[in-house]
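Try each task on your own, then follow the solution step by step.

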Amino acid sequence: MNPTVLDYMLWGALPYVVIAVLVGGTLWRYRYDRFGWTTRSSQLYESRLLRIASPVFHFGLLVVVIGHVVGLLVPETWTDAVGITNDMYHATALSLGAVAGVTTLGGIALLIWRRRTTGPVFSATTANDKVMYLVLVAAILAGLATTLLSAAAGLTGAHEADYRETVSPWFRSVFVLQPDVAAMAAATGAFKLHALIGLALFALFPFTRLVHAFSAPVWYLFRPYVVYRSRDKEPTQATRPIRRGWT
Amino acid sequence: MARIGKVMAQVAMVMNLDKCIGCHTCSVTCKQAWTNRSGVEYVWFNNVETRPGQGYPRRHEDQERWQGGWKRTAAGRLKPRAGGRLKKLATIFANPKMPAIQDYYEPWTYDYEHLVTAPLGDDIPGARPRSLLTGEPMPITWSANWDDDLAGGEELASNDPIVQKIGDKVRFEYEQAFMFYLPRICEHCLNPSCVASCPSGAMYKRAEDGIVLVDQDKCRGWRMCVTGCPYKKVYFNHKTGKAEKCTLCYPRVEVGMPTVCSETCVGRLRYLGVVLYDVERVGRAAAVKDEHDLYPAQLDVFLDPDDPEVAAAALRDGIPERWLESARKSPVYRLAKHFEVALPLHPEYRTMPMVWYIPPLSPVVDALSETGHDGEDPGNLFAAIDTLRIPVEYLAELFTAGDPEPVKRVLAKLAAMRSYMRRINLGQEPDESIAEAVGMTGADIEAMYRLLAIAKYDDRYVIPTAYGVDEADRGVIDEIGCSLDFEGGPGMGGMGGAVPFGEASGRPQPASVENFHALRDRQTSDGRSGPARRFNLLNWDGNGRPPGLFPDRERDAADQNTSDGKYLEGSGEPK
């Protein structure tokens with residue numbers, strides 16, 4: 001099947017628009033809205049549910065992210081080279097992916113339920129948050145759907161197009177500036193939908209509370225406990241934009 | 001004396017609890033200055049607690065529960081009690097030890113609108129309380145100062161973690177009901193556990209004056225500082241998602257002014273001054289094995305500014321001469337180290353707090369007088385300190401990690417000061433033996449009396465202006481003054497005279513003069529009313545029809561009238 005114009009738009013042009021928005025937006029946000037760059041935690045309002053739901057969601061999501069990195073960046077030839085058969089690979093990926101996906105989905109479902117039912121948390125929810133939650137949940141649902149469809153296909157023995165031969169080569173090709181539109185065009189509808197929602201999520205990323213993921217404080221592990229700092233020699237500009245990026 | 005390591009300066013505070021009348025002026029002025037905003041409605045950088053009581057947030061001293069401060073490991077090292085770096089990051093998605101808003105109190109307002117919108121009826125309408133978090137009606141059950149003056153009562157005082165610690169025996173003596181006030185601000189610790197807990201590195205201790213601050217642009221809202229601070233003096237702004245805390249009013253301190261809480265203190269019980277300390281001794285002093293040694297260890301960290309070696313080391317480390325000069329006159333150093341009458345709050349948290357307290361003595365005099373004894377006779381006083389109505393054990397749990405001896409020494413000094421000065425006031429010979437009994441001299445006692453009882457403004461607040469402002473270190477920061485205070489301006493006595501570039505030059509003054517429609521619009525609209533809709537009549541010369549003079553529906557006509565742009569500058573509003 002030859003790629004259509006729409007395919008070129010979606011898989012050839014759109015990824016670069018999203019990358020530009022993601023990188024440019026993040027730089028812009030960091031430059032102009034460092035004050036608004038926060039987790040916006042609602043733990044002060046409600047702790048009991050959050051203490052279960054938030055770690056479940058975040059740790060599930062970490063596994064999902066690692067799964068994506070492995071699935072998208074490691075070419076099939078590498079795993080073949082170390083003697084991992086395609087069946088072994090998919091059995092592991094699908095089972096781990098399903099568990100992580102369901103965990104993440106359960107976590108975010110509980111978080112959204114908490115957000116809706118806890119008065120102060122709901123009051124503190126902005127329109128921006130709502131849009132973000134919608135796209136995030138859609139991405140997780142579509143992702144789980146691809147996992148389950150692939151698993152079903154594996155069980156029935158039907159030959160679904162393997163994402164390692166369609167989505168992954170396309171994803172890698174985007175970063176070497178030679179998008180393999182044909183590869184992605186050959187993927188199934190579920191994968192295409194998941195990819196599109198993923199692109200939407202990346203485009204939203206810099207403008208929502210999701211930015212807190214970029215400031216994961218890993219270097220805390222390597223710094224001395226007490227931080228000393230000198231006063232600014234020259235006072236910084238006292239003015240800052242009144243509006244925060246997430247309102 | 002041991003080798004002097006890196007010398008640092010700390011602006012520190014002492015509070016004389018004998019003089020605190022619990023008027024909360026410090027809390028209210030601080031609130032007005034710093035936390036009179038949404039998101040921090042529940043936040044009191046300064047609060048006054050009645051002891052024994054639960055404090056604010058409730059039972060914040062219960063570190064078994066809240067896990068604030070530092071813990072000494074078996075190897076003799078310090079680690080945040082709530083866990084080290086790895087544990088912090090592992091629990092970053094939900095802080096397991098963070099107080100909820102209910103532990104402080106849920107902020108509320110009153111439904112005043114109902115007073116004017118209620119339908120006509122037999123009953124007078126009331127203004128019901130509504131939550132500031134949800135807008136829903138709420139019952140008011142607790143606040144920052146709910147147990148004010150209710151200390152000693154079984155219901156509240158029995159929940160005081162210290163009362164529970166020192167046991168039933170003392171609690172029953174409490175039935176005679178005593179209380180004292182404990183004003184609390186951030187301790188600006190030498191070994192701040194909030195700073196150590198911050199994963200983002202947004203919290204820091206200022207190298208020049210030791211003030212602990214939160215960089216609002218670096219804070220990412222991980223909330224670990226709230227747990228880390230054992231005094232629970234770092235707060236989470238639930239609107240901005242950032243940590244906020246007492247700033248020791250650094251914009252005032254930098255220009256040599258006392259903090260708002262100090263300045264407005266009715267009892268004049270606060271002292272501000274510079275303390276020099278050896279930063280290389282802090283870690284070891286905070287990690288001494290026996291908790292009772294923490295108070296003396298912290299005293300050993302302080303350096304004597306009159307010692308020429310210290311002065312040389314301070315200059316070597318970039319502390320300017322005028323800060324040294326200020327440190328020599330520091331009331332904090334004199335009360336804490338020279339007279340040794342001020343004690344740190346909860347040294348067992350191992351944070352090396354820098355707001356110290358002179359424990360209250362007053363009830364002992366009253367108690368003695370009631371029994372028919374001369375309440376200010378030194379013999380009676382010294383003997384009575386062991387049977388104080390405020391048990392020494394209670395004060396010791398607050399100030400010396402439970403060691404009663406330093407507290408007794410301080411109270412004896414305060415008692416000696418009363419007796420010694422009474423003889424002088426009565427025209428009798430000064431009795432040097434009273435001073436000697438507490439290891440002081442008569443001259444010392446008189447100096448201490450001057451500092452504690454006379455407490456002149458200039459003696460209480462010895463604050464040098466900030467240094468390192470520019471390369472030449474002029475030591476001058478222009479305070480952002482009243483913009484009317486130019487030569488000949490209204491602030492200099494009258495409107496007449498020359499103004500910089502003629503009338504209406506410079507940026508427009510924020511004036512509250514509005515027309516009727518603008519006022520109504522501003523008060524009834526949900527969002528911000530646009531700038532172009534307001535016109536400052538003070539700037540109007542009476543000609544034409546400037547934009548904003550009339551409401552929106554005439555905008556088109558107004559625009560035509562000002563097509564020559566005449567009023568764009570005069571109104572001072574961006575077009």
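A residue is called buried if 20 or more other C-beta atoms lie within 10 Å of its own, exposed if 12 or fewer do, and partly exposed in between, with C-beta atoms placed from the backbone. Keep this rule at hand for the first exercise.

Some ground rules: this is a predicted model, in which local features need pLDDT of at least 70, side-chain atom pairs count only at pLDDT 80 or more, and totals for chains, interfaces and linings use all residues. Residues are numbered from 1 along each chain as its sequence is written, and chains are lettered from A and ligands numbered from 1 in the order in which they are written.

**Exercise 1.** Find the class of His68(A): buried, exposed or partly exposed?

*Solution.* Start with the place: His68(A) sits in helix H2 of chain A. (Helices, H or I, have at least four residues and strands, E, at least two; both are DSSP runs numbered from the N terminus.) Next, count neighbours: His68(A) has 15 C-beta neighbours inside 10 Å, so His68(A) is partly exposed. Now try His58(A), which is also found in helix H2 of chain A. His58(A) is partly exposed because 17 other C-beta atoms lie within 10 Å.

**Exercise 2.** Work out which residues UniProt lists for "binding site", and how they are spread in space.

*Solution.* The unreviewed UniProt entry lists His58(A), His68(A), His194(A) and His212(A). They span 155 residues of sequence, and in space they are up to 23.0 Å apart between C-alpha atoms. Remember that UniProt annotations may be inferred rather than shown by experiment; feature names are shortened, and positions follow the numbering used here.

**Exercise 3.** Describe how chain A and chain B meet.

*Solution.* Begin with contacts (C-beta atoms, placed from the backbone, within 7 Å): 33 residues of chain A touch 40 residues of chain B. On the chain A side, helix H2 (48–73), helix H5 (119–123) and strand E1 (228–229) each supply at least two residues. H2(A) gives the most, with 5 residues. Finally, look for pairing between strands, which takes at least two DSSP bridges. E1(A) pairs with strand E8 (residues 203–206) of chain B in the parallel sense over 2 bridges, and Tyr228(A) has Lys205(B) as its bridge partner.

**Exercise 4.** Trace the sheet of chain B that contains E1(B).

*Solution.* Then zoom in on one pair: strand E1 (residues 7–16) and strand E12 (residues 270–278) of chain B are antiparallel over 9 bridges. Within this pair, Met8(B) is bridged to Tyr277(B).

Note on methods:
Contact = placed C-beta atoms within 7 Å.
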